[in-house]
Amino acid sequence: MSTLYGHRSHEIAELQRALAGLGLYRGAIDGGFGAGTLAAVRDAQLAYGLNETGIVDLPLLIELGLAAPKPKRAKPFSDFLTGLALRAALAQLKGNPMVAFLDGYKTYIVGFAGLIVGALALIGWGIPGLPPFSPGDALELINISLIGLGLRRALKTGP
């Protein structure tokens, strides 16, 4: 769409009609991009929370109903396969006695305790009765805690 100041086009007339329908443009619907159209475009951008540039862009056209939003990208096939693999792994783990320790609320307590201990170790606070942690050990404890909490949630609710 030609939106340069001083240009005329059918698309600009459509823009003027849309802006007039909102009460933002009060001039003649003549297809000319002049001071009135520019002011109305800025007012519309301000009203919709867009950057007030005076340039007619896709976000403004979408808000005015003059353009369709870009279609969302379908998930790639690899995302689909990853989801299938995760569902299959969780189905195997649900009946496995080796992960029975993940049942119950105690998993959450242990996981959050691991997060807290790891975070305190990262900022240099020692825990009485525990040897000092290196930053690498603290990060590893945090990662293990997060994995345990995520696995517990996944086993309980599914992926």
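User: What is the relative accessibility of D30, and does D30 count as buried, exposed or partly exposed?
Analyst: This is a predicted model, and the answer rests on computed areas. Buried means under 20% and exposed over 50%, with partly exposed in between. D30 falls in between, so D30 counts as partly exposed, at 41%.

User: Which side chain meets that of D30 in a salt bridge?
Analyst: The count of salt bridges comes to one. D30 takes part in this pair, with an N to O distance of 3.7 Å. The partner of D30 is R8.

User: How many residues apart in sequence are the parts that R8 and D30 tie together?
Analyst: The salt bridge joins the side chains of R8 and D30. R8 lies in the segment before helix 1, whereas D30 lies in the loop between helix 1 and helix 2, so the pair ties together parts whose separation in sequence is 22 residues.

User: Is R8 buried or exposed?
Analyst: The cut-off for exposed is over 50% relative accessible area. R8 has 58%, so R8 is exposed.

User: With which side chain does the side chain of S9 make a polar contact?
Analyst: S9 is found in the segment before helix 1, which covers 10–21. S9 is buried because its relative accessible area, 18%, is under 20%. At 3.3 Å, the side chain of S9 makes a polar contact with the side chain of E11.

User: Which helices do the buried residues of helix 1 pack against?
Analyst: The buried residues in helix 1 are I12, A13, L15, Q16, A18 and L19. An α-helix has 3.6 residues a turn, so residues three or four places apart point the same way. The buried residues of helix 1 pack against helix 2 (35–47) and helix 3 (58–64).

User: What span does helix 1 reach from its first C-alpha to its last?
Analyst: Helix 1 has twelve residues, and at 1.5 Å a residue the expected span is 16 Å. The span in the model is close to that value, at 17 Å.

User: Which residue just after helix 1 takes a positive phi?
Analyst: Helix 1 covers 10–21. Just after helix 1, a phi of about 80° is found at G23.

User: How many helices does the secondary structure of the protein come to?
Analyst: The elements run α-α-α-α-α-α from the N terminus on. There are zero strands, and the helices come to six.

User: What is the area of the nonpolar surface patch that includes I123?
Analyst: I123 is found in the loop between helix 5 (106–122) and helix 6 (135–157). With a relative accessible area of 57%, I123 is over the 50% cut-off and therefore exposed. Together with L122, W125 and L139, I123 makes a patch of about 440 Å².

User: What distance separates the C-alpha atoms of F112 and G148?
Analyst: F112 is found in helix 5. F112 is partly exposed, with a relative accessible area of 46%. Along the chain F112 and G148 are 36 residues apart, and their C-alpha atoms are separated by 9.8 Å.

User: What distance separates the C-alpha atoms of G136 and A121?
Analyst: G136 lies in helix 6 and counts as partly exposed at 44% relative accessibility. G136 and A121 are 15 residues apart along the chain, with their C-alpha atoms separated by 10.0 Å.

User: What share of the accessible surface of the protein belongs to carbon and sulfur atoms?
Analyst: Buried residues make up 26% of the 159 residues in the protein. The accessible surface comes to about 10700 Å², and the share of carbon and sulfur atoms is 64%.

How values were computed. Residues numbered from 1 in each chain as written. Predicted model: local features only at pLDDT ≥ 70, side-chain atom pairs only at ≥ 80, totals over all residues. Heavy atoms only, no water. Helix = DSSP H or I, 4+ residues; strand = E, 2+ residues; numbered from the N terminus. Buried < 20%, exposed > 50% of the residue type's maximum accessible area, 1.4 Å probe, protein only. Polar contact = N/O pair within 3.5 Å; in protein donor to acceptor, adjacent residues only side chain to side chain. Patch = residues over 30% accessible without salt bridge, like charges linked within 9 Å, V, L, I, M, F, W, Y side chains within 5 Å. Areas by Shrake-Rupley, 256 points an atom, 1.4 Å probe, with all protein chains shown as cover. Salt bridge = Lys/Arg side-chain N within 4 Å of Asp/Glu carboxyl O. Expected span 1.5 Å × (residues − 1). Contact = heavy atoms within 4.5 Å.
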